[in-house]
Amino acid sequence: MAVERKFPGIIDKPMSFCPGCGHGVISRIICECLEELGQDQNIIFPIGVGCSSNLGAGLTTDRLHCSHGRAAAVATGMKRVNPDNLVVTYQGDGDAYSIGLAESTNAAYRNENITVITVNNTNFGMTGGQMSWTTMEGQKTTTSQHGRDCSITGAPIRFPEMVAREFDIAYAARGSVSSPANIRKTKKFITEALKAQMNKEGYSIVEVLSPCPVNWGMTPIQAMERLDKEVEPYYPVGVIKARKEAK
Ligand SMILES: Cc1ncc(C[n+]2csc(CCOP(=O)(O)OP(=O)(O)O)c2C)c(N)n1
């Protein structure tokens with residue numbers, strides 16, 4: 001007997017990601033969270049440029065493919081004119097933290113009532129794996145061929161920690177897709193971030209660590225191991241800031 005696979009209702013087409021990429025899992029759990037909160041017909045996605053933009057290709061919801069790095073600014077406008085809609089950005093680390101660092105930081109500075117989801121795969125994925133602000137020290141990319149030298153470039157940015165420390169935001173957390181346990185945690189973090197927006201508490205951010213096997217030059221299994229052993233120690237998984245007790 002054929003087993004029926006159930007997908008969240010707002011996913012209507014397959015999204016095309018490379019084998020072993022984390023974007024597919026992350027997209028799916030965001031949609032699950034929205035459905036479980038009864039918000040799946042009430043969502044607008046300002047989506048970044050990069051592999052993240054494949055999210056828009058598979059959904060039935062309102063969404064806008066924003067100029068590179070500007071999703072938090074677009075989200076600000078969307079939320080201010082549609083305060084009853086949930087507005088959730090979906091961006092890569094290159095989009096949100098390198099190219100869009102000003103827009104991303106300013107939205108947190110103003111404590112905009114939006115939810116920001118960034119997929120940190122430690123490089124600019126879609127364009128072939130260039131160094132981004134999250135690339136690890138010593139990591140080889142097409143633009144750091146001898147390994148990232150932080151004495152020249154500065155150190156990898158921990159953006160959620162930075163905005164949680166400096167600004168009066170509602171919620172910040174970091175998840176990962178390196179194991180089923182971490183995927184479950186990430187789902188909880190995204191749910192809490194969405195609830196913060198629903199309760200009008202202000203800006204919420206969840207960064208999700210993701211493997212990028214093709215640009216890391218690894219098999220999907222090796223990339224998962226790297227995520228677990230090298231990336232997570234520098235980018236710890238967990239709640240960084242929550243106004244409410246539910247952690
Ligand atoms: C203004 C501008 N600069 C550069 C590009 C080229 N570009 C397209 S996708 C991309 C990489 C995005 O990387 P990231 O945000 O880390 O997301 P990922 O693809 O890794 O998910 C770049 C640099 C562009 N489209 N527009």
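I began with strands S3 (residues 86-92) and S4 (residues 115-120), which run parallel and are joined by 5 bridges. I took helices (H or I, at least four residues) and strands (E, at least two) as DSSP runs, numbered from the N terminus. The model is predicted: local features need pLDDT of at least 70, side-chain atom pairs count only at pLDDT 80 or more, and totals for chains, interfaces and linings use all residues. Residues are numbered from 1 along each chain as its sequence is written, and side-chain values use heavy atoms, with hydrogens and water left out.

I looked up threonine 89 and found its bridge partner in S4 to be valine 116.

Next I checked the helix H1 (residues 23-36), which packs on the sheet and touches strand S1 (43-47), S3, S4 and strand S6 (204-209). Contact means heavy atoms within 4.5 Å. The direction of H1 makes about 175° with that of S3; axes are lines fitted to C-alpha atoms, for helices over the stretch in contact, and angles run from 0 to 180 degrees between N-to-C directions.

I then listed the largest nonpolar core, which has 38 residues. Such a core is a set of buried Ala, Val, Leu, Ile, Met, Phe, Trp, Tyr and Cys residues joined through side-chain atoms within 4.5 Å, where buried means under 20% relative accessible area (1.4 Å probe, protein chains only). Ile30, Leu34, Phe45, Tyr171 and Ile190 touch the most other members. H1 gives the most to this core, with 6 residues.

I noted a second, separate core of 20 residues, including Ile44 and Tyr97.

Notes:
Pairing = 2+ DSSP bridges. Buried < 20%, exposed > 50% of the residue type's maximum accessible area, 1.4 Å probe, protein only.
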